[in-house]
Amino acid sequence: MDKFTTLTGIAAPLPLVNIDTDMIIPKQYLKTIQRTGLGKGLFDEMRYDDQGNEIADFVLNQPAYRNAEILVAGDNFGCGSSREHAPWALLDFGIRCVISTSFADIFYNNCFKNGVLPVVLPQEAVDHLMEDARKGANARISVDLEAQTVSASDGTVFGFEIDPFKKHCLLNGLDDIGLTLEKVSAIDVFEAQAKTQYPWV
Amino acid sequence: MTAHQSSAPKTLYDKIWDAHLVDQQPDGTCLIYIDRHLVHEVTSPQAFEGLRMTGRTVRAPGRTIAVPDHNVPTTEGRDKHIDNEESRIQVDALDRNARDFGIHYYPVSDIRQGIVHIVGPEQGWTLPGMTVVCGDSHTATHGAFGALAHGIGTSEVEHVLATQTLIQKKSKNMRVEITGKLRPGVTAKDITLAVIGKIGTAGGTGHVIEYCGEAIRDLSMEGRMTVCNMAIEGGARAGLIAPDEKTFDYVMGRPHAPKGAAWEAALAWWKTLHSDEGAQWDKVITIRAEDIEPVVTWGTSPEDVLPITGAVPAPESFSGGKVGAAQRSLDYMGLKPGTKLTDIPIHAVFIGSCTNGRIEDLRAAAAVLKGRKLAPGVRGMVVPGSGLVRAQAEEEGLAQIFVDAGFEWRLAGCSMCLAMNPDQLAPGERCAATSNRNFEGRQGRGGRTHLMSPAMAAAAGVTGRLADVRELMAPA
Ligand code: SF4
């Protein structure tokens with residue numbers, strides 16, 4: 001997994017609430033057996049018409065936002081299914097950070113496994129950044145994970161909260177499985193104990 | 001385990017959590033042991049590939065169960081050949097992975113195959129007090145047994161395969177109590193939709209919900225699974241219901257349930273699995289069962305719930321970001337504010353899914369359909385949740401009722417719940433569905449989904465529009 005330290009880039013505004021994982025990446029893209037290549041399906045139904053042509057209005061189809069690396073979105077982003085294809089698609093498109101007032105749990109977790117940073121900020125901060133994002137290439141937003149800040153183009157700085165362990169893993173690009181396997185003796189002990197206590201499991 | 005037990009009153013969630021704690025860091029990051037891992041074809045290939053690339057293996061294949069369900073066709077001949085190449089590749093990959101890593105497997109040729117959340121309980125893999133995970137958000141279903149069950153992403157699937165644990169922080173405790181008795185025509189699906197309508201799709205975020213109260217106790221195990229299934233639609237990762245005699249009766253004798261002395265030992269522990277008097281709750285919601293009516297969804301979020309006696313709302317009646325979302329929903333759904341819900345015509349009926357694809361659901365729909373027919377021009381599809389449900393429904397004569405009413409009688413799978421296989425709505429088609437998500441495009445691009453109970457879906461089918469099932473019920 002790639003590290004996430006700092007990021008300065010164009011942010012795309014997507015001021016919809018309850019953007020679900022079916023909207024982020026619809027099912028026809030779930031038939032892949034790979035993690036890569038999903039960027040073309042990101043927001044498919046909002047991005048393309050029935051003939052597969054781009055819908056000019058959609059934010060990521062506008063020239064200013066084709067290289068967006070940050071997404072500013074409405075409340076409850078990523079609700080719905082557990083599909084990790086959602087962060088895979090964002091990442092493959094080039095988005096490394098999503099900012100919203102809240103995220104659905106599973107999506108939030110999945111982001112961290114893929115080097116994507118979900119940032120939770122209060123409504124006023126998200127509104128401010130949404131306005132900033134509307135300026136397109138004229139406004140760059142900066143994210144600093146170490147300092148836990150997001151800076152708007154006018155210099156306003158917003159601090160955000162993040163779980164220290166998740167932050168540590170993301171800053172260092174650590175593989176969870178490797179970390180857990182360092183505790184394999186604790187798992188062995190647990191299993192042995194469970195075998196006597198709950199033998200039917 | 002014992003080391004973590006304290007005398008403070010605990011919730012059911014606390015108890016199961018404590019019994020599975022392998023390690024806890026000072027910052028609260030925990031390692032939780034996983035008793036059952038359910039695997040399906042869509043969210044697992046990348047996880048197995050990850051194991052191969054790193055030379056890792058499946059730590060506990062005996063705790064791991066695989067079944068293809070999401071994209072398998074639901075028509076005859078699928079055990080010989082699957083036309084869609086990508087689907088075939090995914091199913092073949094699951095076949096190979098199950099064989100290579102030695103995990104329990106129910107291929108499409110096996111009568112026990114079905115939707116993973118129906119197969120687990122049916123085969124006795126799901127037991128009270130367990131931790132159960134699956135790369136699918138509706139894993140919450142298994143919470144009906146008093147098991148801590150939730151969906152995980154593919155990286156976590158790989159993590160569980162390799163370590164039989166998950167890295168987690170503890171969620172908060174939320175209690176949803178449904179007091180009193182349901183009125184006629186009101187079912188488990190109406191309860192779960194009414195709860196989401198009340199708390200919103202983010203209302204349970206960060207929480208594990210325990211459902212309790214008389215109306216929940218009165219539900220069958222099937223009904224309880226329907227309720228817990230949609231905990232995720234309320235934003236909660238897991239839903240729980242304390243096990244009781246109904247739970248034990250359901251579990252007893254299932255192929256993988258404990259037997260003899262092991263059963264007695266298990267039962268003794270299971271009987272301690274309830275929230276203690278005085279346990280602390282972070283959030284409490286109470287709904288009176290008598291206040292719940294048969295409901296349907298009108299929009300594209302499961303929180304867009306209204307009694308069937310209502311009318312399509314105006315976007316301005318909402319506040320904040322929901323105004324725009326409601327407008328967008330109405331545009332997508334092709335609905336005008338003020339339209340009576342019972343005046344909305346439908347084109348299709350879908351009965352099935354892990355929410356309502358069990359035998360009781362088929363019985364409820366068949367009870368309405370008996371001696372009736374689908375309205376002209378309405379297409380109906382029944383997709384049993386498993387091969388065993390299908391066989392039982394045939395034995396009970398339900399299949400014949402569906403066929404006589406003009407429904408297609410399909411093989412088991414997820415089918416039109418997410419339309420990954422050929423079972424899809426055409427753009428603009430409107431469907432009365434017993435599944436759990438009414439998102440844009442969920443049942444096919446441009447398709448319009450109204451969520452409801454099986455009896456309500458059947459009522460919609462025979463009247464050709466959204467309908468109040470109470471008007472079709474024989475007077476008591
Ligand atoms: S039936 Fe629908 S909700 Fe249930 S597991 Fe299948 S696709 Fe998911």
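In the predicted model, chain A and chain B bury about 5,500 Å² between them, buried area being the accessible area (1.4 Å probe) that two parts lose on being put together, summed over both. Carbon and sulfur atoms contribute 58% of this area. On the chain A side, the greatest losses to chain B fall on A:Lys31, A:Phe190 and A:Trp200, together 16% of what that side buries. The contact (heavy atoms within 4.5 Å) draws 56 residues from chain A and 76 residues from chain B.

The ligand is surrounded by B:His70, B:Ile115, B:His117, B:Asp136, B:His138, B:Ser353, B:Cys354, B:Cys414, B:Cys417, B:Leu418, B:Asn436 and B:Arg442, a residue being near if one of its heavy atoms lies within 4 Å. This shell comprises 5 nonpolar, 5 polar and 2 charged residues, where Ala, Val, Leu, Ile, Met, Phe, Trp, Tyr, Cys and Pro count as nonpolar, Asp, Glu, Lys and Arg as charged, and the others, Gly among them, as polar.

Leaving aside neighbours within four places in sequence, B:Phe48 is in contact with B:Val39, B:Val58, B:Asn97, B:Phe101, B:Ile103 and B:Leu161.

Local features need pLDDT of at least 70 and side-chain atom pairs pLDDT 80 or more, whereas totals for chains, interfaces and linings use all residues. Side-chain values use heavy atoms, without hydrogens and water.

Key:
Residues numbered from 1 in each chain as written. Chains lettered and ligands numbered in written order.
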